[in-house]
Amino acid sequence: MGILIANIGTSDLAIKINVDAQELYVPIDPLPSEPNQKTDELTPEELAIWKTPQQYFQSTGLYAELGFEADKTPTTRELTEKLLEKYQENFTYWHSRIHAPRIWGVIKQALALSINKGYIFVTNQKSENMIKGHEKDTVFMYEILKLWFEKQQPNFQLIDKPIPLKYRVYIPDDLFQYYYNFFSELNFEKEKQQQQQRYPQLNEIISSKIVDFDAQNTGLFVEVNGGVRGFLNINNISELAINPQNLRTIFKVGDVIWVKIINREIERLRFSSKELEETPGEITQNHQAVYNRISQEINTNTQAITQSQADEEMLLISAKGGTPQMKTALQLQGISVSAVKKLLFVNPQLSIRGVFQGIPSDCELESYWRYMRTQKYQTIKILVERWDYDGAVQILKNWQDYLNFLIQQGIIGKEDVEKSNDVSKLVLQVLDFSRACFNLDFQTAKQLAQPKIDTVTTYLEFSTDIFPKLQEAADKYGVYQHRLLSIYTQNRIYWQLDQVASFLAHLASFGEEVLHGLILKWEAQASYWVSKSGRNFPRNLSRSEYEAEIKSSFTIKIEEIKLSKPSMLDKVVSLQREFDPKFGRGERVSLTNRFTKRYFVQALIEYRNNPQEIEDCQRILSGLQQLDFWIDQRNKLIHTATGYSKSLMVDLFTEYKLGKNSNISAPCHPDEILGIMEAILKNKLVDLKTIYRNMFVGHEAEYYIYTLVNNWVVNTLVSDGMK
């Protein structure tokens, strides 16, 4: 179920009069400037009636019948006020003489789209400065139309939305504000309804997830609707009694089961599942089978509910009627809220002869989809420039849904939109790739870099250049230097966006990755490493897989390293035991944090005894030490949920005092952090190619793969929008 939103004007109401023995429905005030008027088919008298209805209302005695003085031509407001009074006094007589040709056509179109509710904007400009009100006010006309439709179309609900006096109906800015407020109220009401629907109803059968057990095993705590928690007592689980000792054997946290709401009080939400059993004890024997059975049984109903919810998102807007400024403001504000998946404009087609005969206007459905496409693409451009790939993906998916809806409704032919659909598919895959990279999920990124989209018209034109570059970037993430580049780039982005918590988290990852890279650069083939499973390394591993096995634990066999590099082990142990006296006393030792890894690198570089390497490594380690304090703040943030900002970081730097027995060095100024990261990336030991250093490292550098993606997305959308 959607809603109709409509302006009305004085030409929306017609009254039947008898002209030369011919009964005609004549609008009380037709607009001579209304477009697409076909007057060439009219007789001279019909044209005169259309252009000067007041003359015929006078000559046929309508004004006198309504009680107006002779020779008085009432305003539209006065006419409708008196007509409403007469209509209410003698409903049967006046109902047959009233017609609403244009708005009735609109409402018939709404009903054809399963819409049975409409908001109608009404003007009533009566004030101290305008004692009699504006001559074309629709306040009384709306009441007439409401009475008429209650009889003529009882299944359609009209709701008036009076435009307050402070919003002047000839001032565009006033009307933009009013319609903006109206759509905001609609969204608020929708959110309010969704919140009410989120809380389960009594006797509702709903899917739930087990999140915990009662300490005494007297039942299960389950969540429904994405977080609403309640209790399923052990006596309500099955028709057969369950031994509390067996409860954790039958179920485990994370299991999904269907439950029935038996108490919906907010503090005492209670569930039952025994009513859902076909045979007593069924749920204790195989609760997954019960879940599958019930899922199939209610699948049809669920689909119907989902479709109903989707239908409620439709907006049908009729902008004709009212002042020209009202029409323009409603059109533009309607388009501005087109984040709603389904938005259509209904355009009544004026037939003067049809109006005279009392025939509802035919209507055309319009989408303004090209205008809306430009708006969507502009929004996506802003989002990707702010690195908000999630938001851009959601906007583009909504746009695809809307295009498919237009095709289904027959508003536009598929050939008109298939290219934009194809562009959306390609751009979505590229945006999904960027989102995966941004989450450091390069396994998914590799899959998304494959050019496997089925498109009709645009694949070669738009995708030939991008997918090979995405594949190259995904493959290179297995290389240490490119992981550093990606993390460094994200730090630049988070710093630019003032997202300090994410910045500090990625700063910690950067520091760890630098140390991982140095260790694996020199010692990846050493025999003393232990795989994450604790067993021998699996055969036929690629280099990246082999290094990932080492990185997963960084665990060393003590005896093995004693045989190969005893002096290096002694150095590591001596450095670490200052903080951990038991370090290195077992069969194995793990490099569990950035400090143990750093000591390992120090010992390794001394063992290698290469003067240039020692000098370069010292610069790297010195830079990491300056970042230690800020990485430590990230750990505090995780453990205490304490927020950070750039200004707070400056305060912490200013107030810093070196503590005793601390392995944390004095911090650098927050504004120097990215410079230190840049220096580390440019260090010779990192082995970053010159082309990558020049292209991706530094204050003015490109943002690694994200600059490429952003430029391609924007250029592709602009190209599609212009065509």
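How many salt bridges does a search of the whole structure find? The search finds 31 salt bridges, a salt bridge being a side-chain nitrogen of Lys or Arg within 4 Å of a carboxyl oxygen of Asp or Glu. Side chains of opposite charge can pair when their charged atoms come close. The structure is a predicted model, in which local features need pLDDT of at least 70 and side-chain atom pairs count only at pLDDT 80 or more, while totals for chains, interfaces and linings use all residues. Residues are numbered from 1 along each chain as its sequence is written, and side-chain values use heavy atoms, with hydrogens and water left out.

One of these pairs joins Arg102 to Asp12, with the closest N and O atoms 3.0 Å apart. Helices (H or I, at least four residues) and strands (E, at least two) are DSSP runs, numbered from the N terminus. Arg102 has 8% relative accessibility and counts as buried; the relative accessible area of Asp12 is 1%, and Asp12 is buried. Here, buried means under 20% relative accessible area, exposed over 50%, and partly exposed in between (1.4 Å probe, protein chains only).

Asp628 and Arg594 meet in a salt bridge, at 2.9 Å from N to O. The two residues are 34 residues apart, with Asp628 in helix H26 (residues 611-640) and Arg594 in helix H25 (residues 594-608). Asp628 counts as buried at 0% relative accessibility, and Arg594 counts as buried at 9%. Asp628 also forms a salt bridge with Arg598, the closest N and O atoms being 2.6 Å apart. Because Arg598 lies in helix H25 and Asp628 in helix H26, this pair ties together parts that are 30 residues apart in sequence. Both Arg598 and Asp628 are buried.

Salt bridges can also be followed through a network, which links Glu278, Glu282 and Arg293.

With 12% relative accessibility, Glu549 counts as buried. Its neighbours within four places in sequence set aside, Glu549 is in contact (heavy atoms within 4.5 Å) with Ser531, Lys532, Phe537, Pro538 and Leu541.
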